Amino acid sequence: MNKVPSVDLSDFLSEDPARKQKFINEIGKAYEDIGFVALKGHFLSDQLIEGLYSEIKKFFDLPQEVKDKYEIEGIGGQRGYTSFGKEHAKGRKEGDLKEFWHFGQYVEDNPKLEKEYPENVQVAELPNFNEVGKETYKQLEKTAKYVLRALALHLDLEETYFDKYIKNGNSILRPIHYPPIKEEPKNAVRAAAHGDINLITLLMGAQGRGLQVQNHEGEWIDAIAEPDELMINVGDMLSRHTNNRLKSTIHQVINPPKELWGTSRYSVPFFMHPVSDMPLDVLENCIDDEHPKLYDDISSGEFLYERLIELGLIKV
C-alpha cells in the first residue's frame, strides 16, 4: 500500500446499515493493511480548531522562563510542559526536536481515578488556553469512541466493548511545537521513527508534508491529511490486544528541506488510553492455528509504565 486510505465517520453514524458496514469494512481493512486512516466527519468544528491553534501558538511564544515554570517534576511529563529535546524514541539517545504540552483526563464520578491521575496544569498568562484545550480533548475523545466502536464490530465484539475501558481513560492531548531549525541537526529529527503506546492516536495538523508512515515493504509513505481530516492510527496496546491483526505502524516526522528550516511546525495528537486496569490479554477471537498467541497477559497500566521508562520520561 502506498497511500493512506480516507474514511468518513458520518457513514458510521448514519442510520443506513449499508453505509455503517461500509465504514467498518474500510477502516478494518486499512488498519489490517497499514494501521493508518485519514478521517473526515469528526466532531471538531473549524472554529474550535482555529481557537486551539491560536492558543497553543501563544503558549509556545511565551518566554522560556515562563514556560519552564509549567514543567512539573516527578510525574513523567504526564501534565503541563515538556521542554525541547527531553523526549526520545524507544532505542534512541538523541532527543526529538520538539517541545510540547499535555492536557489529561477530566475525570467524572470516579474519586479513585481523580487521585490516580495528576491534575491538569493551569496557564495563568492565557485565560482561554485551558478552556480550549478541554473542549478539544472532549471532542477528540468522542470521535475516538465511535472509531473504537467500529473496530469492535470489525473484530466481532460487542459494539460498546471498549466503552467501559475508555470512560475516564488515561488519554492525553499533546500540542507539539517543532521550532525552526537553526543548525544542522546531529542525528536528530523532529520525531524519530516510533510506534505509539496507546489504543489509537488522533492527529490534528498533518496537512503539510512531514509525517511519514512505514508500509509492510519497509517503504516510507507521506501521510498528508486534507484540511477537514484527522490522521488516526493504531497504537501498540490495540495491536497487542488483537494479536497484531490491527497493525501499530512505525511512523516519523522528518525535518523539512533546508529552505523551510526557519519555519515552525505545530501538530496536536490525542493519545487514546484506556483505564490502567484494562487487560490487554490477546483476544480469543484473534488466535487460531495460523495466528498463535504472540503476547503474555499484561494490564494497560503495566504496559504504559514500561514504555515511559523506555522513552526516558520516567527515570528508574
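**Strand pairing and two loop residues**

Ile224 sits in the loop that links strand S10 (220-222) to strand S11 (230-234). Strands are DSSP runs of E with at least two residues, numbered from the N terminus. The model is predicted: local features need pLDDT of at least 70, side-chain atom pairs count only at pLDDT 80 or more, and totals for chains, interfaces and linings use all residues. Residues are numbered from 1 along each chain as its sequence is written, and side-chain values use heavy atoms, without hydrogens and water.

Ile224 is partly exposed, at 41% relative accessible area. This class lies between buried (under 20%) and exposed (over 50%), with a 1.4 Å probe and protein chains only. The C-alpha atoms of Ile224 and Lys3 are 9.3 Å apart, across 221 residues of sequence.

S10 also runs antiparallel to S9, joined by three bridges. Gln214 has Trp220 of S10 as its bridge partner. Five residues separate the strands of this hairpin, and Gly218 adopts a positive phi near 85 degrees. Pairing requires at least two DSSP bridges between two strands. Leu211 is opposite Val253 of S12.

Asp196 occupies the loop between strand S7 (191-194) and strand S8 (200-204). Beyond neighbours within four places in sequence, its contacts (heavy atoms within 4.5 Å) include Asn233, Ser248 and His251.

Methods:
Helices (H or I, at least four residues) and strands (E, at least two) are DSSP runs, numbered from the N terminus.
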